[in-house]
Amino acid sequence: MSITNLLENWSDFRQQHPSDDRPHREYKWAMSIDLDACTGCNACSVACYAENNLPVVGKEKFAHGHSHHWIRIERYWDNDGREFADQGAQFLPMLCQHCEAAPCETVCPVGATNHTADGLNSQVYNRCVGSRYCNANCPYKARYFNWYDYPTTDNVWPEPMNQQLNPDVTVRGKGVMEKCTFCVQRLTVAKSDARSEGRSVLDGEVQTACQQVCPTGAISFGNLVDPLAKVGKQWMTQQVELNKDKQAKDTAEEAAKLRGYRILEELRTYPSVMYLEQLRESAI
Amino acid sequence: MYCFLRLSVLLVGLIVSASSYAANAVQPLTTADDLGPKVEQPIEFPHDRHAGDAAKGGMEINCMYCHTYARRSIVAGIPPLQKCIGCHQSIESVRETPRIKKLFEYWEAKKAVPWKKVHDLPDFVRFNHERHIQRFVFAQNKPVQEACGYCHGDVKTMTVARRQKPLSMGWCVSCHQKDHPVDATSTKTTHGPNDCWQCHK
């Protein structure tokens, strides 16, 4: 891929926004998270550590904001003047939202973050030079910078712990921005298997690590193009549309009936993750 | 005189440093003729004898007889020693040759042959053998040795396999940009994907 070819045929390499004339054809991966089911148990976060070779950085580095949880549980206390224990909490798993018009993509000086044909926001580690511009531009703060050379100098996987690393995912080195990939290693395997059998990936055939471990089944993941997919049905019943920044829920008459929303939609990032509003009172 | 001495000291220093640099220099990824580094194998496996044309003394064994995982997995795989022995225990004529003797030494010691990797891609690259074999051998009906040989070179003429192609990203993409027929009969063509996450991980 010569740079002249890349520049002359930029439109071929750059995936278009779905509201443009090139919508997603075969796959558009999307997620929905039911906050009513989420108990804030952190299993998704732990599964992500195991699946994606994330380093456990320790208390001190965590305090400096150098942690690497690609999916984190945000915690919100009820704001009605009660003290802790009776205060009640709401949980919200926050991960890369795989925005269609991702603010991180446009600012990368080396094009290390791109949009794939499947509507994923890709991060290519070996191209990243660590400017952290994408992180500065991400409204969800879902990108994590690797400050240390974890595999070698900060020996977080001492022998024989390195044996449990996932061979389908790179062990990232120092100076690289990383983030949730929707477990792209599983997606490529599922797509390849389906292609060998001459069909598309079926709904439920591929799961992300966080979805797989969620004890309450709060996370659903699938192909939005597939009319039979659970995620697509959820998006449809909640009347959430991918390329809109004002949904039916935003109108006064529908607000009470519909639960689905996307975070910071009004920034027009068109995220691929839909959250379902919490219904019940908080646990206590 | 003093001036000469200084000059000669400088020259010697230069030569020594230059030669030590050359000795420590990392072997370039590709040399002028796009040949990879020579890899010393524990047993010099003669690919030409096994896969080569019958007219040249080869046995025309299909690549996938030994690299059996290529058609159904990401990696092509190296055959287990059992597969070598399976044939060789009934081939009496070569039983006493040094290489086969070595082979049986490994077998009797119950040790795998520690073959060295010749086509070693970096950790951040994902290459799927199955995808390419399914596409070119099974869908397009290309001869196996041509399909495999596109990336691995003309292995059937080699003894110990050596990397022939650069296997760089630009080289991969140059093929992904070409239009390949979908199958042996149709005129429809498609090219390979160009999204980064297809190959990078």
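Two residues are in contact here when their heavy atoms lie within 4.5 Å. By that criterion, in this predicted model, 18 residues of chain B are in contact with 32 residues of chain A. The area buried between the two chains is about 2000 Å², and carbon and sulfur atoms account for 54% of that area. On the side of chain B, the residues that lose the most area to chain A are B:R131, B:W197 and B:K201, which together give 37% of what that side buries.

Helix α7 of chain A, residues 184-196, packs on helix α6 of chain B, residues 129-139, at an angle of about 20° and with the axes 10 Å apart. Angles under 35 degrees count as roughly parallel, and α7(A) and α6(B) are therefore roughly parallel to each other. The crossing in which α7(A) passes α6(B) is left-handed. From α7(A), the contact is made by A:S192, A:D193, A:R195 and A:S196, and from α6(B) by B:E130, B:R131 and B:Q134. By class, this contact of α7(A) with α6(B) has four charged residues, three polar residues and no nonpolar ones.

The axes of α6(B) and α7(B) come within 9 Å and cross at roughly 135°. The two helices α6(B) and α7(B) are therefore oblique to each other, and α6(B) passes α7(B) in a right-handed crossing. Here B:H129, B:I133, B:F136 and B:V137 of α6(B) meet B:V144, B:A147, B:C148 and B:H152 of α7(B). The residues of this contact comprise six nonpolar, two polar and no charged, whereas the contact of α7(A) with α6(B) has no nonpolar residues.

Another helix pair of chain B is formed by α4, residues 81-88, and α5, residues 98-108, with axes that come within 10 Å and cross at roughly 125°. Helices α4(B) and α5(B) are therefore oblique to each other, and their crossing is left-handed. The residues that make the contact are B:L81, B:Q82, B:C84, B:I85 and B:H88 in α4(B), together with B:I100, B:L103, B:F104, B:Y106 and B:W107 in α5(B). Eight of the contact residues are nonpolar, two are polar and none is charged.

The backbone also deserves attention at several loop positions. Most residues other than glycine have a negative phi, and most peptide bonds are trans. In chain A, the peptide bond from A:E159 to A:P160 is cis, with omega near -5°. A:P160 lies in the loop between β6 (143-145) and β7 (177-179) of chain A. In chain B, B:E60 has a positive phi of about 55° although it is not a glycine; B:E60 belongs to the loop between α2 (47-51) and α3 (63-66). A positive phi of about 55° is also found at B:L167, again not a glycine. The loop that holds B:L167 runs between α7 (144-152) and α8 (169-176) of chain B.

Terms used:
Residues are numbered from 1 along each chain as its sequence is written. Chains are lettered from A and ligands numbered from 1 in the order in which they are written. This is a predicted model: local features need pLDDT of at least 70, side-chain atom pairs count only at pLDDT 80 or more; totals for chains, interfaces and linings use all residues. Side-chain values use heavy atoms; hydrogens and water are left out. Axes are lines fitted to C-alpha atoms, for helices over the stretch in contact, and angles run from 0 to 180 degrees between N-to-C directions. Helices (H or I, at least four residues) and strands (E, at least two) are DSSP runs, numbered from the N terminus. Angles under 35 degrees count as roughly parallel, over 145 as roughly antiparallel, 65 to 115 as roughly perpendicular and the rest as oblique. A crossing is left-handed if the near helix is turned anticlockwise from the far one by less than a right angle, and right-handed if clockwise. Ala, Val, Leu, Ile, Met, Phe, Trp, Tyr, Cys and Pro count as nonpolar, Asp, Glu, Lys and Arg as charged, and the others, Gly among them, as polar. Buried area is the accessible area (1.4 Å probe) that two parts lose on being put together, summed over both.
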